[in-house]
Amino acid sequence: MTTLQPQPTYQLTGQEKRFIGLHLVVAIFALAVGSIFGPLQAFEWSGLDLYQYLEPIGLDDYYKGLTAHGVLNALVWTTFFITGFLTLTTIVGLKRPLRYPALNRAGFWLMVVGLVMAAVPILAGWASVLYTFYPPLEASWAFYLGLTFVVVGSWIEGYGFFFTYLAWRKENPDTRTPFITFGGLITMALWQIATLGIAVEILTMLLPFAFGLTSGTDPELGRTFFWFTGHPLVYFWLLPAYISWYGMLPKQAGGKLFSDSLARLAFWLFLLLSVPVGFHHQFVDPGIPTGWKYIHAALTYGVAFPSLLTLFTVVASLEYAAHRRGGSGLFGWIRALPWNDPSVSAQLLAGILFMFGGIGGITNASYDVNLVVHNTAWIPGHFHLTVATAVTLSFMGISYWLVPHLTGKPLWKPRWALIQTWLWFVGMIIFSNAMHVLGLLGAPRRTELGTAPYVPDEWNGHLLRVSIGGAILLVSVTMYVVTMIRTAAQKERVAAGGEVEIPVAESLRDPQLTPLWLDSWRPWIIGTVLLILLAYGPQLVEQISNASLSSPGFGP
Amino acid sequence: MSTDTPTEETASFHADPYERKWIMFSLVLLAAFAVTVAVAGFALGFQVPGDETRVDPRTVADAPPWSQPGLRDLGNGEYEVYMLAQQYLFQPREIRVPAGSTVTFYVTSVDVQHGFKLQDTNINMQIVPGHVSKLTAEFDTPGEYPYICHEYCGVAHAAMFGSLIVEAGGDS
Amino acid sequence: MWERKVALSDQDTPVGEDFTPRGTVAIVILFTATLVLLWLSIYLILIARGVTT
């Protein structure tokens, strides 16, 4: 049943390697700069205000730093890493070059232009509106336009993947789409549909307002548009990590993908269910009937389902790998995994913390239970387990093979890289546990708590733990960035024949045996559009027909 | 890829028997969560804010009831509070009610988005200009309950809070 | 360079079609128990803080 004969692999050309590498350069630069602000916030919470020393370089404002941290880490690091990584999964999976490389290059450079346009007003303090930019807080038009260019650039790169897929499909009408490519295409399709929300918000409301063409906005309608995009955004971040967990990590661990059918089903369910759930971010908003909020809560439980599938399939793939390495026992096999490979270690640790991220996520989705945690420190505690660990630590792990592969140079000090992954794990446990507890005690998020007059003594110990976790994370991210720079900058090259290969896992069962309905776009796209119309249509009609651009702007 | 490509007829959805059990169990588990929160929300009264009235944020503070934000005694231990949120304070800043009171909060904003979280209770609302956020709760335990702005509203956001004081030995 | 260099070949330890993911079942059971316990603890906080209508 299993196919054991070696398969021909596609060798990336130098130009392709440079193009993917450019994405990583921007991504890692954004992570490096954005991550400086995170610990500054954490220190401020425990009363250590370092902003006063940053006044000479104009970074003395907590909320300017918070905006930069959110935009650079959650939007720029992720989007650039993902578009670069998915370029690779498209080319390598399909074993053919991009259909229109110039189109992808255009998309990339548009993203870079957008990034610069958004970064200038953020650092100048003209856009301290955080990465949710809720109106009527006003930011410079350049901030909104820059974000638009980043999104449109990522769309264009996505079109490039779709054209490449169509060309491949013409050449291979009866072959199942290789899994890593399949996952990347769904991620990009999800992204194109999901970002329609902020596209409409920015183009119809925020840009005209920022240019002075309208006298106000409708803030609640803006929130609805934002969260149409805001929740699937987290799956845009997460699915590339899942591509690696399902389609690459099993190979790195010495095994195979346990279930091709279920892996593909999970990805389709994410496409189907990740958009029509946005009201779960608006449970305590005025202007939305409770019945609609509950419908979105129920659908949010639905989108938890493919993640529960993922838990089983990924762990089973790893257990299979461990058995092949001679592991055994109910839990003893875990030790047989290649923990001393930093790329594997990073992704295993990311997966472990993601289990707790998932538990918190189900709590947030729980309609009335959300009253306990809404807008408290619990929320950043939660998403530092998801986007800042499941996603970010996995991306770090991916780059531990990807950068050596792209540069032809060995990973600089693998042992350091291994320590880096564990420091992230430990730092994040301390940080996020303290944040969750603070949330239950009522501490608000996105607040310069060091200056808040209402902080009770019982918060102090936890605020200190936030700082300690933040300090460990700062050390870890610094080690990561240094490792990446030293790897790329060193003179030493890997010996001929010893190149780091791209890990692409085979499936335990031939993917050709996976049914065709799990490799057909039409039913799933139709289902996705229908479900969005059902879950969002009536409220969108209601809110748009009652829209009132009566809320004038205010500076932060 | 094996050379003898399997035909469509042999293709089938394949999952390990244990995995199939996990699929069924996951669905039951998620359904149980959905039922539990629905019972708490719609039957036991642990409810979230819904759709209330719209207002014009530019003029809302000019006419009653918002021109005189504060506490109103409705009798029988019931009170309502009309509250304005603005950069960077709540009006009123302090409310006093006797223990055993039922208080309904109507909150709106005259400028940007704010938040309203009454500590140690389930009152937790986004305050959005143009809309009124409303929730009701009963206060039996005397003490001070700070209400804090938990949505970023600008540079002095951290200073924005007020206090509900529940007094022992009230007249009810 | 490091451990991955000694990648396993398909011959190492044969694991056939009869592989049963017992450890995986144990892990998902533990996960579910943790999920239900932690979720319930937050649910009880909600109940303890009183009704809001």
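Which residue stands opposite B:H114 in β7(B)? The residue is B:I127. The model is predicted; local features need pLDDT of at least 70, side-chain atom pairs count only at pLDDT 80 or more, and totals for chains, interfaces and linings use all residues. Residues are numbered from 1 along each chain as its sequence is written, chains are lettered from A in the order in which they are written, and side-chain values use heavy atoms, without hydrogens and water.

**The sheet of chain B**

- Strand β6 (residues 114-118) of chain B pairs with β7(B) in the antiparallel sense over four bridges; pairing requires at least two bridges found by DSSP.

**The interface of chain C and chain A**

- In contact (heavy atoms within 4.5 Å) are 34 residues from chain C and 43 residues from chain A.
- The buried area (accessible area, 1.4 Å probe, that two parts lose on being put together, summed over both) is about 3500 Å², and carbon and sulfur atoms give 73% of it.
- Zero salt bridges are found between chain C and chain A, by the rule of a Lys or Arg side-chain nitrogen within 4 Å of a carboxyl oxygen of Asp or Glu.

Methods. Helix = DSSP H or I, 4+ residues; strand = E, 2+ residues; numbered from the N terminus.
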